[in-house]
Amino acid sequence: MLISGDSCLRVWNQQNSTLIYTFDIGVNKINDMSFTRDGRVLIVGSDSDRIQMIDLYKSENPPELVVNKNKSQLPIKVSAIGCSSDGSKIGIGTTSGVINVFNTSNFELLFSSYVHKGEITSIGFHPSSNH
């Protein structure tokens, strides 16, 4: 399975290069995406202050995660997404230099910090990291 994105997600069959299905997720631009460890859920970041989690095997999906809960601030654009190797955490990088880390089981915000002066372009967890 291959996934591509612009303003929607497209799922491709790699063996015969055919389009399997398309998800219109209601955004103008998809900036990054990452699979959870088990490969069931695709985590999608865009030019909104939310990330969407799409379960590729169910019609019902988990709730969207709100990256910017303080609506008095300017909207935050999600620029990078990473999932920990054990699947317990999602790291979200933003165009404003903020990193947020969420627990995947209950969507609790575990960490949030302004750590870069500019856009975060990639997020990664060390394979043995528990913190």
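From the N terminus on, the elements of the protein run β-β-β-β-β-β-β-β-β-β-β. The count is eleven strands and zero helices. The model is predicted.

Of the 131 residues of the protein, 38% count as buried. The protein exposes about 7,700 Å², and carbon and sulfur atoms supply 49% of that area. Among contacts between residues at least 6 apart in sequence, 34% join residues at least 24 apart.

**The sheet of S8 to S11**

Strands of a sheet pair through backbone hydrogen bonds, either parallel or antiparallel. Here four strands form an open sheet in the order S8-S9-S10-S11, with antiparallel pairing. Strand S8 (78-83) and strand S11 (109-114) stand at the edges with a single partner strand each, so one side of each has no neighbour in the sheet. From one strand to the next, the twist averages 15 degrees.

Strand S9 (residues 89-94) is joined to S8 by five bridges, and the two run antiparallel. Across this pair, Val78 stands opposite Thr94 in S9, and the bridge partner of Ile81 is Ile92 in S9. S9 is also joined to strand S10 (residues 98-103) by five bridges, again in an antiparallel arrangement. In that pair Ile92 stands opposite Asn100 in S10.

**How S9 is covered**

Is S9 mostly covered or mostly open? S9 is mostly covered, as six of its six residues are buried. In a regular strand the side chains alternate between the two faces of the sheet. In S9, Lys89, Gly91 and Gly93 point one way, while Ile90, Ile92 and Thr94 point the other way. Residues on both sides of S9 are buried, Lys89 among them. Buried here stands for under 20% relative accessible area.

Which residues make a nonpolar surface patch? Met1, Phe35 and Tyr57 make one of about 320 Å². Of these residues, Tyr57 is found in the loop between strand S6 (50-55) and strand S7 (65-66).

Note on methods. Residues are numbered from 1 along each chain as its sequence is written. This is a predicted model: local features need pLDDT of at least 70, side-chain atom pairs count only at pLDDT 80 or more; totals for chains, interfaces and linings use all residues. Side-chain values use heavy atoms; hydrogens and water are left out. Patches are made of residues with over 30% relative accessible area and no salt bridge: like charges are joined within 9 Å, nonpolar side chains (Val, Leu, Ile, Met, Phe, Trp, Tyr) within 5 Å. Accessible areas come from the Shrake-Rupley method with a 1.4 Å probe; for residues, only the protein chains shown count as cover. A salt bridge is a side-chain nitrogen of Lys or Arg within 4 Å of a carboxyl oxygen of Asp or Glu. Two strands pair if DSSP finds at least two bridges between them. Axes are lines fitted to C-alpha atoms, for helices over the stretch in contact, and angles run from 0 to 180 degrees between N-to-C directions. Buried means under 20% relative accessible area, exposed over 50%, partly exposed in between (1.4 Å probe, protein chains only). Contact means heavy atoms within 4.5 Å.
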